[in-house]
Amino acid sequence: MPRLLVLCVFVAIFSYVSVSIEVCTSALIPGAKGDQGEIGDDGDQGKLGKNGPPGLPGVPGEPGLKGELGHTGKIGPTGDRGDKGDKGLDGPAGLKGKPGTMCDCGRYRKVVGQLDISVGKLGNAVKFVKNVVLGLRETEERYYLLVKEPKRFREALMNCKLRGGTLAMPKSTNTNRLMADYVSQAGLTRVYIGVQTQTKDVDGSSHVYADSTPLQGFASWSQEEELQPNTNSSCVELLSTGTWAHVECEATMFFICEFPKSRRRGGGREPGASASS
C-alpha cells in the first residue's frame with residue numbers, strides 16, 4: 001500500500017513537470033507563418049485634412065469682350081471754376097472807313113456825342129442783365145436759359161412751358177454749338193434738350209422735337225449712338241462737347257429752355273422768371 005501511494009505521487013509530479021515544460025516551450029518558440037488572409041473591405045472615409053498653402057498665380061487670361069453701354073449716372077457736383085485763360089492774339093486791322101460828312105450842327109455835336117455814350121452804356125447794361133444777371137444766351141430769333149434745377153424729362157417740359165417757352169430744340173449747327181458752349185461755361189457736362197424718340201415714324205424720322213416737328217436736316221449724335229443706338233432710352237441729352245446721346249427719361253438733370261424774341265412784344269413773362277414744377 002505505501003508503495004502504491006508513492007507511485008501515484010511520482011506519476012502526479014512527473015505529469016505536472018511535463019505539462020509545465022510543454023507550456024513553456026509553446027510560449028517561447030513561434031509557430032510557422034500562416035497563409036495570407038483575404039483582403040478586407042474598404043474602411044470609412046477619413047476626415048478632411050487642413051487646407052494646403054495657396055498655389056502660384058495663374059497666367060492672366062485674355063481680355064473679355066467690351067460690355068454694353070451702361071445707364072447714365074446721376075449728375076456729379078459742379079467742379080471748381082478754372083483759371084482764366086491767356087489773352088488771345090489781336091485780330092487783323094479792319095479796312096479804312098469812308099470819310100464822314102461835314103456837319104454844321106456845331107453846338108449839338110457835344111450833346112449827340114454824350115447821347116451816343118449814354119446809349120452805349122445802356123446797351124452794355126441791358127447786355128449785362130441778359131447775359132450775367134439772367135444768364136441768357138441769344139440768337140437773332142430766340143433766347144436760351146439754362147435752368148439749374150434737376151428735373152425729369154416731362155417735368156423739364158412743363159417747367160419750360162410755365163416759363164412761357166419750350167424745352168430747347170437745337171435745329172442748326174450754330175444753335176447747337178451755342179447751347180453746348182453754354183453748358184460747358186456753366187461747368188456742366190450734360191442737359192436735357194427738346195428731342196425724343198417716337199414709337200411711329202413721322203415723315204421718315206424716328207425722333208421729334210418738343211414742338212412735335214420731325215427731326216430732319218440736322219442731328220449731332222455721338223459716334224457710339226450712330227454705331228449702336230440706345231433704343232431702350234427715349235429721351236435725349238446734349239453733352240458739353242456738342243454731341244447728343246439717348247438717356248432714360250426718369251433721370252434727373254438740368255435743362256435749357258428757349259423763348260422766341262417776338263413774344264416780348266406781347267408783354268409776357270421774362271425768360272428768366274421762375275416757374276414751379
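H246 is buried, with a relative accessible area of 8%.

Q: Why does H246 count as buried in this model?
A: The model is predicted, so the label rests on computed coordinates. Buried means a relative accessible area under 20%, and H246 comes in at 8%, so the label applies.

Q: Where in the fold is H246 found?
A: H246 belongs to strand β7, which spans residues 244–247.

Q: With which side chains does the side chain of H246 make polar contacts?
A: Look for pairs of N or O atoms within 3.5 Å. Here the side chain of H246 pairs with that of E225 at 2.7 Å and with that of H207 at 3.0 Å.

Q: How many helices and strands does the chain have, and how do they run?
A: There are five helices and eight strands. Read from the N terminus, they run α-α-β-β-α-β-α-β-β-α-β-β-β.

Q: Which residues touch the most other members of the largest nonpolar core?
A: That core has 38 residues, and V191, Y192, W244, F255 and I256 touch the most other members. Elements giving two or more residues to this core include α3 (153–162), α4 (173–185), β4 (190–202) and β7. With six residues, β8 gives the most.

Q: What is I256 in contact with, beyond its neighbours within four places in sequence?
A: Among its partners are Y144, L145, C160, M179, V191 and Y192.

Q: What share of the chain's contacts with a separation of 6 or more comes from residues 24 or more positions apart?
A: Such residues account for 68% of those contacts. As for burial, 24% of the 277 residues count as buried.

How values were computed. Residues are numbered from 1 along each chain as its sequence is written. This is a predicted model: local features need pLDDT of at least 70, side-chain atom pairs count only at pLDDT 80 or more; totals for chains, interfaces and linings use all residues. Side-chain values use heavy atoms; hydrogens and water are left out. Helices (H or I, at least four residues) and strands (E, at least two) are DSSP runs, numbered from the N terminus. Buried means under 20% relative accessible area, exposed over 50%, partly exposed in between (1.4 Å probe, protein chains only). A polar contact is a pair of N or O atoms within 3.5 Å; within protein, one must be able to donate a hydrogen and the other to accept it, and residues adjacent in sequence count only if both atoms are side-chain atoms. Contact means heavy atoms within 4.5 Å. A nonpolar core is a set of buried Ala, Val, Leu, Ile, Met, Phe, Trp, Tyr and Cys residues joined through side-chain atoms within 4.5 Å.
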